[in-house]
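Welcome, and thanks for taking a look. Please keep the structure open beside you while you read this briefing.

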Amino acid sequence: MKALVLFSSSDFPLSAVAGNIFLKQLLSEKISAVELLDLIFARNDRRYSGGRMRYLGENRQGIRVVAFSCRSGKVMLKNLITTFLEMYGIDTNHCRIVEIKTPGGFLFLMGELLSILPPATFGGRPLMEKYIKKIYPRLVETVKLDCNFQISDN
Amino acid sequence: MKIIYHCFGGAHSSVTAANIHLGRLPKDRVPRNEELIGQYLFDCHKITDTGKMIFMGRDIFGNDIYVVGRRSRPHLLYNVVSGLSDVFQIDKNSYMLTDVSPCVNLTMKLGGFMSRRLGLITAGRPIVTWGTRRNYKRLLAEVEKVFSRLDQKLPPDKDIQKKFIFRSPEVEYY
């Protein structure tokens, strides 16, 4: 059994989005930020923060995809995942751990803050959309480069 | 069975508990300062080691003992471990997470912060050692709880000495 473990140090479920791109549930070409944000809210991906695992499914090759998200816990999350798997002898041939880096998280944080504050709720969403628009091509790139099992096998 | 002791930094209370479990520290008395400072991996953890499950040794019942520092986020540790167990079909009864942070007193926090975070080892280490001595019995009680949960009994010091006297501590950083 092979598994792809994605993690990001953001409360926003970027790792889940990357997982969906890998599973081809999301297009790897440009997608509208509005659509994407709607999809994330509809799928309730944001419930899976604080290190809760999000099982995203299995692709045709039988690779299971899971995602972890946790705010500002990059080093700890990576160490926990890698050492726990090593503890049980699960090596890189069976599992690929990919970190989803989150540049530009400030925009999202601002957007989230604004969407909570009652007088500025309308301003939050556009900021979040801007953030998603900025981050999406990078996610696609990361999925293309890092989530390739064939590379690891060779 | 894998027993994972966890606390804030993974440098003092969890290491002491693990060493008590492994019989490297006495159970009938509070250890001296030198014994505590000289114990395996005491006050050695770095910030970059946060979240690393470090192998401490194997007890006489064959249980593997690990320590981990998880800052102030025990839920993160529980969530990650439980999630990975689900995905990789790891038996949840094959490991036991033991939180020893309730055994940490203010002195240990202060000493640990000075030694590990600020790098003031000369000042911080004696303070954290003093704090550990003061709370040693609580740590001992926590280890005894682990043994009772395992339906095993904490062996007397004599038996453990025989088993461990020629066994060097296995240093394995995962």
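What follows is a short tour of the model, grouped by topic.

This is a predicted model, and the predictor gives the complex an ipTM of 0.85 and a pTM of 0.85. The tour starts with confidence, goes through each chain, and ends where the chains meet.

**Confidence**

- For chain B the mean pLDDT is 87, with 87% of the residues at 70 or more.
- Please read residues 160-174 of chain B with care: pLDDT stays under 50 there, and the model has 20 contacts beyond four places in sequence for this stretch.

**Chain A: overall layout**

- Chain A holds 6 helices and 4 strands, and along the sequence they come in the pattern β-α-α-β-β-α-β-α-α-α.
- Of the 154 residues in chain A, 38% are buried.
- Taking contacts in chain A between residues at least 6 apart in sequence, 66% of them join residues at least 24 apart.

- Helix H1 (residues 14-22) of chain A is largely enclosed by the rest of the structure, because 9 of its 9 residues are buried.
- Those buried residues of H1(A) include Leu14(A), Val17(A), Ile21(A) and Phe22(A), along with Ser15(A) and Asn20(A).
- After H1(A) comes Lys24(A), which has a positive phi near 60°.
- Strands E2 (residues 54-58) and E3 (residues 63-69) of chain A are paired in the antiparallel sense, over 4 bridges.
- Within this pairing, Gly57(A) sits opposite Val65(A) of E3(A).
- The hairpin of E2(A) and E3(A) has 4 residues between the strands, and Gly62(A) takes a positive phi near 85° in this hairpin.

**Chain B: the sheet**

- Chain B has an open sheet of 4 strands in the order E2-E3-E1-E4, and the pairing is mixed.
- Strand E2 (54-58) and E4 of chain B are at the edges with a single partner strand each, so one side of each has no neighbour in the sheet.
- On average, neighbouring strands of this sheet are turned by 25° against each other, direction ignored.
- E1(B) and E4(B) run parallel and are joined by 5 bridges; here Tyr5(B) stands opposite Thr98(B) in E4(B).
- Helix H1 (residues 13-21) of chain B packs on the sheet, where it touches E1, E2 and E3 of chain B, and its direction makes about 150° with that of E1(B).

**Helix H3 of chain B**

- How far does helix H3 (residues 74-87) of chain B reach from its first C-alpha to its last? This helix of 14 residues spans 20 Å, close to the 20 Å expected at 1.5 Å a residue.
- Buried positions in H3(B) are Leu76(B), Leu77(B), Asn79(B), Val80(B), Val81(B), Gly83(B) and Leu84(B).
- As a reminder, an α-helix has 3.6 residues a turn, so residues three or four places apart point the same way.
- The buried residues of H3(B) pack against elements of both chains: E3 and helix H3 (74-87) of chain A, and strands E1 (2-7), E3 (64-69) and E4 (95-99) of chain B.

**Where the chains meet**

- In the interface, 22 residues of chain B are in contact with 24 residues of chain A.
- Which element gives the largest share of the side of chain B that touches chain A? H3(B) does, with 10 residues.
- By type, this side of chain B has 10 nonpolar, 6 polar and 6 charged residues.

How values were computed:
Residues are numbered from 1 along each chain as its sequence is written. Chains are lettered from A and ligands numbered from 1 in the order in which they are written. This is a predicted model: local features need pLDDT of at least 70, side-chain atom pairs count only at pLDDT 80 or more; totals for chains, interfaces and linings use all residues. Two strands pair if DSSP finds at least two bridges between them. Helices (H or I, at least four residues) and strands (E, at least two) are DSSP runs, numbered from the N terminus. The expected span of a helix is 1.5 Å times one less than its number of residues. A residue is buried if 20 or more other C-beta atoms lie within 10 Å of its own, exposed if 12 or fewer, and partly exposed in between; C-beta atoms are placed from the backbone. Two residues are in contact if their C-beta atoms, placed from the backbone, lie within 7 Å. Ala, Val, Leu, Ile, Met, Phe, Trp, Tyr, Cys and Pro count as nonpolar, Asp, Glu, Lys and Arg as charged, and the others, Gly among them, as polar. Axes are lines fitted to C-alpha atoms, for helices over the stretch in contact, and angles run from 0 to 180 degrees between N-to-C directions. pLDDT is the predictor's confidence in each residue, from 0 to 100.
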